[in-house]
Amino acid sequence: MSDTHTTSLSPAQKKFLVDLFVDGVAFDPEVLRVYASDASLKVGTVLAMVRPVTTDQVCAFMCWAETENIAVHTRGRGTSLSGGCVPTVPGIVVSTLGLDRILHISHEDFVAEVEPGVSTSKLQMECEKLGMLCPPDPASAKATSVGGNVATCAGGLRAVKYGVTRDYVIGVEAVLPGGKLLRFGGRAHKDVIGLDLGRLFVGSEGSLGIITKLTLKLIPKPEASASVLVGYPSLDAALASMGKVFAAGILPCAVEFMNETVLEILTKTDSVPWPDTVKSLLLFQVDGSNDTVPFENARLSRQLHDALWRMEGVGKDEEDKIWAYRRRVSAASYILGPDRIGGDMAVPRGSILRAVRRFEEIAASNGKRLIAFGHAGDGNIHANLHYDASDPDDTRRTEKTHHELDAAALEFGGSLSGEHGAGCLKDVGKQLGKDEHALMRAVRRVFDPRGILNPGKGY
Ligand SMILES: Cc1cc2nc3c(=O)[nH]c(=O)nc-3n(C[C@H](O)[C@H](O)[C@H](O)COP(=O)(O)OP(=O)(O)OC[C@H]3O[C@@H](n4cnc5c(N)ncnc54)[C@H](O)[C@@H]3O)c2cc1C
């Protein structure tokens, strides 16, 4: 990677950007402040923000940026929790929100062709109107872009049954540094010609090129769904019950868990319907046709017979009331401290209980409480630590805990990140072998020889 990126823009460079983007460019520090950070709350330095509305503009910009050796940080809606959009090396932020058209949704091909800035929830709604489902559904879907989902390989609540974003990307158009426009794949659901370079962009976190168009595979929208929230005396009992569900051959579309600390904060911040003997919760959803959902729901219920308490809902309105408890977790967590370090480690599904218990021990040994919840069906643990950044001792203990949790996740054969990505917060070298890491960096250099794309981020 080059360490000599341009650190300020000359009048001639600014003129180039104004000529190319006209109204879609900003240099005002007040405006740029927004683009200096993302949901990780880390802050970097933005030289300018540009908002292309055509692919031609992206090509011209990328040709110029490489020649001028200016760092380029692509940004969707900035909900990255790992600092994926933060310009840790001063550079130009390319907002994709001007490229926000749904180009086509085909009921015959079961595909959607979209520009990267399209809102995820808007695409989901448009597909559903036509009786189709775009399955990737990060909990943040109302606030994210499809391009951001693809660049992070977003997972979501339904991943246990439907997989993650990668499983639905069948076509990618992207612009490389130097301005070359590349197209991989297309509307055919199957394609094994050559290397799958299109899907290399999935999870690439803005390090290979700017994605300008995507083709996503769709599936028929399930007719019906049902959810059940079940309470147990401990996380051990809850996760033993989850094991029985999978062993019985049931495949829910979502399985979420919440540990004892989560229930404590939910109880302290609002009224809750479960008795105080309940210390841990599981949340299941099943979906399918009007005929199969009652049947699957009954099978699921039979496996959950040892629960202390349950709340069931069929159909969107009833289910929303149940899911509201899961949605409250992040906000309620701040009762434990005004600042947060979040983890989203993934471990093999069978290790989730041992991993959470180990994480809790590590937190306790540093005088911290661990908020653990997330996608139990995928072994994906949101392990959050709250602290007070104005207290140096609390900050030190929290950071130490966070590093120890990462190390423990790897000891379980897991990953530092199940879905949020490495961004600027994860030391991927801890997880990747030396040769594997070197190969990834070599691939990156093929796409971006001067290292202008999202430097300091990823791998
Ligand atoms: C409350 C909350 C809940 C969340 N829940 C989930 C969840 O359930 N599952 C999950 O996976 N994530 C979750 N996230 C994280 C985040 O929402 C996802 O990573 C999301 O996919 C990011 O989309 P975005 O449009 O905000 O992308 P951004 O944050 O803008 O960008 C993310 C990365 O993608 C790159 N990028 C964006 N667009 C392009 C493009 N067109 N070309 C090349 N690179 C690009 C950026 O450079 C950056 O590295 C959550 C975040 C929050 C705040």
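Predicted model: local features only at pLDDT ≥ 70, side-chain atom pairs only at ≥ 80, totals over all residues.
Residues are numbered from 1 along each chain as its sequence is written.

**Exercise 1.** Find how α8 and α13 are oriented to each other.

*Solution.* Start with the helices: α8 covers residues 235-247 and α13 residues 352-365. Their axes (lines fitted to C-alpha atoms over the stretch in contact, with angles from 0 to 180 degrees between N-to-C directions) lie 10 Å apart at an angle of about 160°. Therefore α8 and α13 are roughly antiparallel (under 35 degrees is roughly parallel, over 145 roughly antiparallel, 65 to 115 roughly perpendicular, the rest oblique).

**Exercise 2.** Work out how α13 and α14 are oriented to each other.

*Solution.* Helix α14 spans residues 392-411. Its axis comes within 9 Å of that of α13, and the two cross at roughly 155°. So α13 and α14 are roughly antiparallel to each other.

**Exercise 3.** Is Arg 77 buried or exposed?

*Solution.* First locate Arg 77: it sits in the loop between β3 (71-75) and β4 (91-95). Next, look around it: 23 other C-beta atoms lie within 10 Å, so Arg 77 is buried (20 or more such atoms within 10 Å means buried, 12 or fewer exposed, in between partly exposed, with C-beta atoms placed from the backbone). Finally, compare with Asp 56, which is 21 residues from Arg 77 along the chain; their C-alpha atoms are separated by 22 Å.

Notes: Helix = DSSP H or I, 4+ residues; strand = E, 2+ residues; numbered from the N terminus.
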